[in-house]
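Please keep the structure open while you go through them.

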Amino acid sequence: MKLYFSPGACSLSPRIVLNEAGIPFTAEQVDVRKKVTASGADFRTISPKGYVPALQLDDGKVLTEGAAIVQYIADLAPASHLAPAAGSFERYQLMEWLNYIAAEVHKGFTPLFMPGTSDDAKAAARTAVGNRLNYIEQQIAGHDYLMGAQFTVADAYLFTVLGWCGYVGMSLDDWPALKSYMARVGARPAVQQALRDEGLVK
């Protein structure tokens, strides 16, 4: 399989999950502004959406959208326990977290990265993201991970998104449970490997 990625972007999440699952893969960087891969291909011929992540399977099929990709990977390696069994109530709770992170947290950062966003709009976006983090802080207090004691694909996604806080002038000091959570997830060997592979840590 091949993962198309951009360093530090949301494609870090499936890279972490692939590492956790122990599934061999290759990775190719994408210039998301120019829509060109490192090998010179037009990325839109691989994923017409034009953004990462995209996972190209061995048979040439391409899967996009991070929440779908990480569940696909988890189901390839059920022994890794990266997702509850399909059809179980816990699996739908996992989907609930993935959807919340995607719609309410991930997308909340968008105005903060867009050139031309006014200072007022950025302040409003930080407030909105902060409100979402308040909810997660309450839910995760007293637990190692979002689903309790077990690391799941939702944790890979949340870790990735919360990693953007430092780039947009937000500190996790106001959310001590989340700050501890980031340290806990960041210490996992599969996460450290993903960060090194993307040049985010030495």
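1. Which helix gives the largest share of the lining of the largest pocket? That share, 3 residues, comes from H6, where helices (H or I, at least four residues) and strands (E, at least two) are DSSP runs numbered from the N terminus.

2. Please bear in mind that this is a predicted model, in which local features need pLDDT of at least 70 and side-chain atom pairs count only at pLDDT 80 or more, while totals for chains, interfaces and linings use all residues. Residues are numbered from 1 along each chain as its sequence is written, and side-chain values use heavy atoms, with hydrogens and water left out.

3. The largest pocket is lined by 34 residues, and Ala9, Cys10, His106, Phe113 and Trp164 lie nearest its centre. Among the elements that give two or more residues to this lining are helix H1 (12-21), helix H3 (89-106) and helix H6 (153-162).

4. Helix H5 (residues 119-140) packs against helix H7 (residues 176-186) at an angle of about 75°, with the axes 8 Å apart; axes are lines fitted to C-alpha atoms, for helices over the stretch in contact, and angles run from 0 to 180 degrees between N-to-C directions. H5 is therefore roughly perpendicular to H7, a term that covers 65 to 115 degrees. In this packing, Leu133, Ile136, Glu137 and Ile140 of H5 meet Pro176, Ala177, Leu178 and Tyr181 of H7, contact meaning heavy atoms within 4.5 Å.

5. UniProt, in an unreviewed entry, lists residues 87-202 as "domain: GST C-terminal", an annotation that may be inferred rather than shown by experiment. Over residues 87-202 the chain is 64% helix and 0% strand, and the end C-alpha atoms are 40 Å apart.

Notes: Angles under 35 degrees count as roughly parallel, over 145 as roughly antiparallel, 65 to 115 as roughly perpendicular and the rest as oblique. On a 1 Å grid over the protein atoms alone, a cavity is a set of points where a 1.4 Å probe fits but cannot get out, and a pocket is an open set with protein on both sides within 12 Å along at least five of seven lines; lining residues have an atom within 4 Å of a point.
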